[in-house]
Amino acid sequence: KHGLIWPDTVIDPYDETLKDKPVAERREWARTVLEQLAAWEAQTGVKPVYYFHAGQRYREGLVPALADRAVVPLTGLTIGRLFDWYQANRF
């Protein structure tokens, strides 16, 4: 719904997810986010490594496009194990 948002950005609650969106809509969302990242990188001159703590539907159009600058540290964990990890590693 929001595209790229910064960690300190406060947004209103909403009930929407990419999980059930059609492939075309998910691709469009990913394209928008990649454009936002490219604009930020061009403005700052920074080309960071991106760490993805998001579900597959949110990563699928981003990770391949970012290639060697994308890290998915918790790949393969079940949702229960993910919740356990985040509970133990609040940041």
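Q: Ala, Val, Leu, Ile, Met, Phe, Trp, Tyr, Cys and Pro count as nonpolar, Asp, Glu, Lys and Arg as charged, and the others, Gly among them, as polar. By class, how many nonpolar, polar and charged residues does the lining of the largest pocket have?
A: The model is predicted, and its largest pocket has a volume of about 960 Å³. Of the 26 residues that line this pocket, Gly3, Leu4, Ile5, Trp29 and Ala54 are the closest to its centre. Sorted by class, the lining comprises 18 nonpolar, four polar and four charged residues.

Q: Which element gives the largest share of the lining of the largest pocket?
A: Helix 1 and strand 1 are the elements that give two or more residues to this lining. The largest share amounts to five residues, and its source is helix 1.

Q: Which pattern does the protein follow, read along the sequence?
A: The protein has four helices and two strands. Its C-alpha atoms fill a box of roughly 35 × 30 × 30 Å along the principal axes. Read along the sequence, the elements give the pattern α-β-α-α-β-α.

Q: How far apart are the end C-alpha atoms of helix 1?
A: Helix 1 covers residues 23–44, which makes 22 residues. At 1.5 Å a residue, the helix should therefore span 32 Å.

Q: How many degrees around the axis do the buried residues of helix 1 cover?
A: The buried residues of helix 1 are Arg26, Trp29, Ala30, Val33, Leu37 and Glu41. They lie on the same side of the helix, because the arc they cover is only 110 degrees.

Q: Is Leu18 buried or exposed, and at what relative accessibility?
A: Leu18 is found in the segment before helix 1. Leaving aside neighbours within four places in sequence, its contacts are Arg26, Trp29, Arg57 and Tyr58. The cut-off for burial is under 20% relative accessible area. Leu18 therefore counts as buried, with a relative accessibility of 7%.

Q: What distance separates the C-alpha atoms of Leu18 and Arg57?
A: Leu18 and Arg57 are 39 residues apart along the chain. Arg57 is also one of the residues in contact with Leu18. The separation of their C-alpha atoms is 6.3 Å.

Q: What is the phi of Ala67, which is not a glycine?
A: Most residues other than glycine have a negative phi. Ala67 is in the loop between helix 3 and strand 2 (70–71), and it is partly exposed, with a relative accessible area of 48%. Although Ala67 is not a glycine, its phi is positive, at about 45 degrees.

Q: Which element supplies the largest share of the lining of the second largest pocket?
A: About 270 Å³ of space lies in this pocket, and of its 15 lining residues His53, Ala54, Gly55, Arg59 and Leu82 lie nearest the centre. Helix 2 and helix 4 (79–88) each supply at least two residues of the lining. The largest share is three residues, and it comes from helix 4.

How values were computed
Residues are numbered from 1 along each chain as its sequence is written. This is a predicted model: local features need pLDDT of at least 70, side-chain atom pairs count only at pLDDT 80 or more; totals for chains, interfaces and linings use all residues. Side-chain values use heavy atoms; hydrogens and water are left out. The expected span of a helix is 1.5 Å times one less than its number of residues. Buried means under 20% relative accessible area, exposed over 50%, partly exposed in between (1.4 Å probe, protein chains only). The arc is that of the directions from the helix axis to the C-beta atoms. On a 1 Å grid over the protein atoms alone, a cavity is a set of points where a 1.4 Å probe fits but cannot get out, and a pocket is an open set with protein on both sides within 12 Å along at least five of seven lines; lining residues have an atom within 4 Å of a point. Grid points are joined across faces, edges and corners, and a volume is the space filled by probe spheres set on the points. Contact means heavy atoms within 4.5 Å.
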